Amino acid sequence: MRLNWIKQTVMHQERFSPKISLLGTTGLLFEAPGEMDLHTQRRIWWLANQVTGWPGVQETVPGMSNLMVIFVEPPGDLIDFQTRLVETWKNARELVIEGRIIDLPVTYGGDFGPHINDVIAHTRLTIEEIVAIHTEPLYTVFALGSHPGYCYLGGMNPRIATPRRKVPVLGLPGGAVSIGGAQTGVSASAGPSGWNTIGHTDMSFFDPKENPSALLSPGDMIRFRAERIIR
Amino acid sequence: MDLNELQQLSTWLKASGLGCLELSRPGKTVKIYVSTDLDVEVIESSDVEVQTKAVPTRSSLIDVKTKIAGIFLPTHPMRETPFVSVGSRVQANSIVGLLKIGCIYSPVVSSAAGIVRKVKANSGDLLGYGETVLTLECECE
Amino acid sequence: MIEILSTAGMASVQDIGRDNYLRYGVGNAGAMDRVALIAGNILLKNQDNAAAIEVVIFPFKVRFLEDTVYALTGADANAEMDGESIPPYWVRQAKRNQVLTLSAPRSGARVYLGVAGGIDVPVVLGSRSTQLRGEFGGHQGRTLRQGDLLPVGSAQHPKSVGQANLGPGFGIGPPQISLPLGDAVGPSRTFVRVLPAAEYEYYEEESLDLFWSTDWKITSQSDRYGYRLAGNTLVPKRDMELRSHGIVPGVIQVPHNGQPIIQLRDAQPSGGYPKIGTVIEADLWRLGQARPGSFLRFVETSYEDALLASHAVRDYLNRLRRLTDLYDLCGAQI
């Protein structure tokens, strides 16, 4: 069974097929082929809505051009479940969400942007150039994850992409604006992170007493505004 | 105990994979056997005389007896040292061993305070109701 | 009410965990040894997901401010109440003002102190578990401190009220005994079964061999968020920068330094490091009882066998349910 499984995933490495892998018996991960762009993401949102209603499914969790499916009860026939998932993806449409636009003032660099120098070193850009590139796009919230209220944003310019850190950093404060690989995001509360923290914002993103608890949801948009740059 | 309860008990017994259960109270014993061949339950009931309470006298020896049937465990399976051994001083109502009934551990409880003089039951012994587990030298006034 | 008389830290209120909020970034939380939590609730006639106190640093001391039926499951904390030793996986009654002391276990890591009716902290987003990162749930969204008063829910099953004459109480066979795994090499090594995950085949053949065949030390940087392991360096065939994706407790990530991290109950529900495998759900409780400084061994399994392992856990808990019911009935007759 496992051998078949691996053969299958190897076959799926082809560029245009989705890849499906197990997360133990708790769930599985569906990874869409192609670019990590808004078109793909809208199809992921659509797929999430479809699969949520399937029997045996507890929750669907969109990631960056991927979808985690959590089981109430792991399917007895895994191949059948995967086949259905792939078929549904083939027919997936783009779910367009008209979200809100949020303006976020950011202090770049300094004590709250401890890894800006790593980004400078990796990209060979100046801090001004990095800030200019980072504040330019209108980012779309692709997915929530990491910790309560955290938003994964789509639309970062790959020029400032910087690999995740070799070892995660413990105890970063909330509001950390960071770059991990080709992605950017803002942390909603203090905790560990493997990303490069380049700045800080004071917005509150999550309140369990509110409904919904998260300030932002997929489809909303964020614009970073450079309030201050500390060299 | 009525017939319904007995039937309930025997159903659970079968579900639990146990072969036999013996229940007693003063003057009454009920044994339930589950027959694996015939898939029927045999329920026996009899009037018996059971001594339930030792009357302590000054520095007398008393037997600590089982109040339910099960497999005797002198040591909790997660521990290395037995609850008691010869020479241990025990309080009244303290646990001196376990009776394993399926996945249940029922405590064997000391009926008085005293010093353990003899441990009669061996680990793994299947003990019935009223069998002696150990003998205490009672420290009574 | 229960009063926390002394704690060395990190004890928290946990139930089975928080489902259905992963897509808001809210991780599962919940008991690290879920089997112990549920076993305790079975002993107490609670719902499976009633909340208990998870204790990980000792000594830990509580006072019962009312007559309370309580259960101790998980590691053996050599518990003591008024000079009397309480065995592990045990239920019994405490009288008002009695004090229970838990000491450092010789093996195992976490002890669950449950009460009939459950620890009745408010339900936040569907669970009573403490969400440490989000600072909500549990008792005021944090670990317990000396002087904390925890409310006890009303016992739902008439039997637990009738257990006033419980005396020395009774116990059940612990999962360590009923669900053994691996050869008997003592408490310093824990075996867990692992299903390969998405990036498994992107590791060098030699690294994969080492992954399955060598010991992995649980470092001191290990907690409810995850266990950072130390051992041979796992080398990928090429560098990987993945897109962020959902992960679950049990996922074994390999950061760029090649030393694996097992994400656990308080882990973030998403990540981006390559995943070499996932400790199957049926064995997560074993990790909950594995201590920093001890060693892990990964045992390769198949999806089908992983399902069977889940069934074995379920069967064990069902057996406990049936037999505790039976025992209660017998107890009433004696």
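Among contacts in chain A between residues at least 6 apart in sequence, what percentage join residues at least 24 apart? The share is 60%, where a contact means that the C-beta atoms of two residues, placed from the backbone, lie within 7 Å. In chain C, residues 24 or more positions apart make up 78% of the contacts with a separation of 6 or more.

The structure is a predicted model, in which local features need pLDDT of at least 70, side-chain atom pairs count only at pLDDT 80 or more, and totals for chains, interfaces and linings use all residues. Residues are numbered from 1 along each chain as its sequence is written, and chains are lettered from A and ligands numbered from 1 in the order in which they are written.

**Chains A and C**

The table sets out the overall figures for two chains. Helices (H or I, at least four residues) and strands (E, at least two) are DSSP runs, numbered from the N terminus. A residue is buried if 20 or more other C-beta atoms lie within 10 Å of its own, exposed if 12 or fewer, and partly exposed in between, with C-beta atoms placed from the backbone.

For the 334 residues of chain C the rule gives a value near 20 Å, and chain C has 20 Å, which agrees.

**Where A meets C**

Chain A puts 49 residues into its contact with chain C, and chain C puts in 45 residues. On the chain A side, helix H1 (2–11) and strands E1 (19–23), E2 (27–31), E3 (57–62) and E4 (66–71) each supply at least two residues. That side divides into 24 nonpolar, 20 polar and 5 charged residues. Here Ala, Val, Leu, Ile, Met, Phe, Trp, Tyr, Cys and Pro count as nonpolar, Asp, Glu, Lys and Arg as charged, and the others, Gly among them, as polar.

A:Ser189 lies in the loop between strands E10 (183–186) and E11 (191–193) of chain A. A:Ser189 is buried, because 23 other C-beta atoms lie within 10 Å. Leaving aside neighbours within four places in sequence, A:Ser189 contacts A:His147, A:Pro148 and A:Gly174, as well as C:Arg133, C:Gly134 and C:Glu135. A:Leu67 is 122 residues from A:Ser189 along the chain, and their C-alpha atoms are separated by 24 Å.

**The nonpolar core**

A nonpolar core is a set of buried Ala, Val, Leu, Ile, Met, Phe, Trp, Tyr and Cys residues joined through C-beta atoms within 7 Å. The largest one has 178 residues, and those with the most contacts inside it are A:Leu23, B:Val96, C:Ala39 and C:Leu113. Helix H6 (residues 303–333) of chain C gives the largest share of this core, 9 residues. Not counting residues up to four places away in sequence, C:Ala39 touches C:Thr73, C:Tyr89, C:Ile172, C:Leu317 and C:Leu320.

**A sheet in chain B**

In chain B, 4 strands form an open antiparallel sheet in the order E4-E11-E9-E6; two strands pair if DSSP finds at least two bridges between them. Strands E4 (61–65) and E6 (89–90) are the edges, each pairing on one side only. Strand E4 of chain B is joined by 5 bridges to the antiparallel strand E11 (residues 132–138), in which B:Glu137 is the bridge partner of B:Leu61.

Conventions:
The radius of gyration is taken over C-alpha atoms; the globule rule is 2.2 Å times the number of residues to the power 0.38.
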